[in-house]
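Here is a friendly walk through one protein model. Have a look at the sequence and the structure below, then read on.

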Amino acid sequence: MTFEQRWHPLREEWVVIAAHRQDRPWSGDEAHLGDKPRPPYDPNCYLCPGNRRVSGKQNPNYEGIFVFDNDHPCVAMDAPVDVPPPPGFYQNRPARGIARVLCYTPRHDLALAELTLPEVVALIRAWREQYIDLGSREEIAHVLIFENKGEVVGVSNPHPHCQIYATNFVFKTIENEAAICRRHWERYRRVLFQEIIATEKADGRRILVENDGAIAFIPYFARYAYETFVAPKETHLSLATLSEREITELAAVLHEVCIRFDNLWEIPFPYVLALHQAPTDGHDYPGFHFHMEFHPPLRKPNLLKYLAGPEIGGGSFISDTSPEAKAAELQAVSKMHYKKRTSS
């Protein structure tokens, strides 16, 4: 297996080389193209309770959340220290860390939007536990928790789950965000994300869900059509310091956002969800504000936001839609999941 980082000198970021993942199992579906029903249990799913995974290990008959070390990790604690020397002035180093998978539920046919609110609360608690556990290890600099939902974003198995990458490096997006937040704090003594929240609340047009402790909105500067931020209102570096009340209120906002996504076109709505939490490398991160970001790839049913010349070649997004119009669409849909309305 290859667990190596290679330095990109023009972007000043590390590229992880994990070529063995090319052969990881693929059992995705085309759920994003329509509401194709799935059974509550799939005997061929390597994430369902009691089934065997590609490693040969058997899943327990779990009844709630299930966490295990990824069978096809992109990083490993035993990554070879002596990586082959790079040519010329190039740089490389081992890609060390821990990769885990967290199954939300034993039910193969559900998604985050279809869980009960107590199950979403339990999920956020599990995310917090993983961040604290992995982030407390001396060799771990960053814990990235993310969910890919829908084959259109490359998910290899539709069973509801997320992944956790605890690495010996900080992913570039978080590194940049932390540096920007620090500069804003040092210059103005104000938290940048608090200014974003205050501006969104004053405008009001892009807010999707709000309660006493949490808020969700399509930001003024959204790159994707339905890009959505979900955050606690109080500043925290990570989930680690949220109170039980804040976790419950955050869960309620997160849950409703996912329901509104699914209800928009009455299909399982695809997205990439990433938790932006402060690095765990021992440094201070003044001004950093934990939040979650949804990056949905669809502009309309079956119409992708393609990343092309300006985005990939130039590094700047061109948004084909208005954040205010997309927020209005999501504000107008029901808070009850469409499958529940249909069944009732």
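## Strands, pocket and charged pairs

S10 and S12 run antiparallel and are joined by three bridges. Within that pairing, Thr228 has Phe294 in S12 as its bridge partner. Strands and helices here are DSSP runs (helices are H or I with at least four residues, strands E with at least two), numbered from the N terminus. Two strands count as paired if DSSP finds at least two bridges between them.

Before going further, a word on the model. It is predicted, so local features need pLDDT of at least 70 and side-chain atom pairs count only at pLDDT 80 or more, while totals for chains, interfaces and linings use all residues. Residues are numbered from 1 along each chain as its sequence is written, and side-chain values use heavy atoms, with hydrogens and water left out.

### The sheet

Which order do the nine strands of the open sheet follow? They go S3-S5-S7-S6-S11-S12-S10-S9-S8, with antiparallel pairing. Strand S3 (66-69) and S8 stand at the edges with a single partner strand each, so one side of each has no neighbour in the sheet. On average, neighbouring strands are turned by 20 degrees against each other, direction ignored. For such angles, axes are lines fitted to C-alpha atoms (for helices over the stretch in contact), and values run from 0 to 180 degrees between N-to-C directions.

Now zoom in on S7 (residues 161-167). Seven of the seven residues of S7 are buried, so this strand is largely enclosed by the rest of the structure. Buried means under 20% relative accessible area, exposed means over 50%, and partly exposed is in between (1.4 Å probe, protein chains only). From S7, His161, Gln163, Tyr165 and Thr167 point one way, while Cys162, Ile164 and Ala166 point the other way.

S7 pairs with strand S5 (residues 97-103) through seven antiparallel bridges, and Ile98 stands opposite Ala166 there. S7 also pairs with S6, again antiparallel, over five bridges.

### The largest pocket

How much space lies in the largest pocket? About 2,000 Å³. The search ran on a 1 Å grid over the protein atoms alone: a pocket is an open set of points with protein on both sides within 12 Å along at least five of seven lines, a cavity is a set where a 1.4 Å probe fits but cannot get out, and lining residues have an atom within 4 Å of a point. Grid points are joined across faces, edges and corners, and the volume is the space filled by probe spheres set on the points.

The largest pocket is lined by 49 residues, and the closest to its centre are Lys172, Thr173, Ile174, Arg223 and His295. H2 gives the largest share of the lining, eight residues. The lining divides into 29 nonpolar, eight polar and twelve charged residues.

### Salt bridges

Side chains of opposite charge can pair when their charged atoms come close. A search of the whole structure finds 26 salt bridges, each a side-chain nitrogen of Lys or Arg within 4 Å of a carboxyl oxygen of Asp or Glu. Here are some of them.

| Salt bridge | Closest N and O atoms |
|---|---|
| Glu200 and Arg206 | 2.9 Å |
| Glu210 and Lys233 | 2.7 Å |
| Arg245 and Glu249 | 2.7 Å |

Glu200 and Arg206 are both buried. Glu210 counts as partly exposed because its relative accessibility is 34%.

Arg245 and Glu249 both sit in helix H4, four residues apart, about one turn of the helix. Arg245 is partly exposed at 47% relative accessibility, whereas Glu249 is buried at 14%. Salt bridges that share partners also join Glu200, Asp203, Arg205, Arg206 and Glu324 into one network.

Terms used. Nonpolar A, V, L, I, M, F, W, Y, C, P; charged D, E, K, R; others polar.
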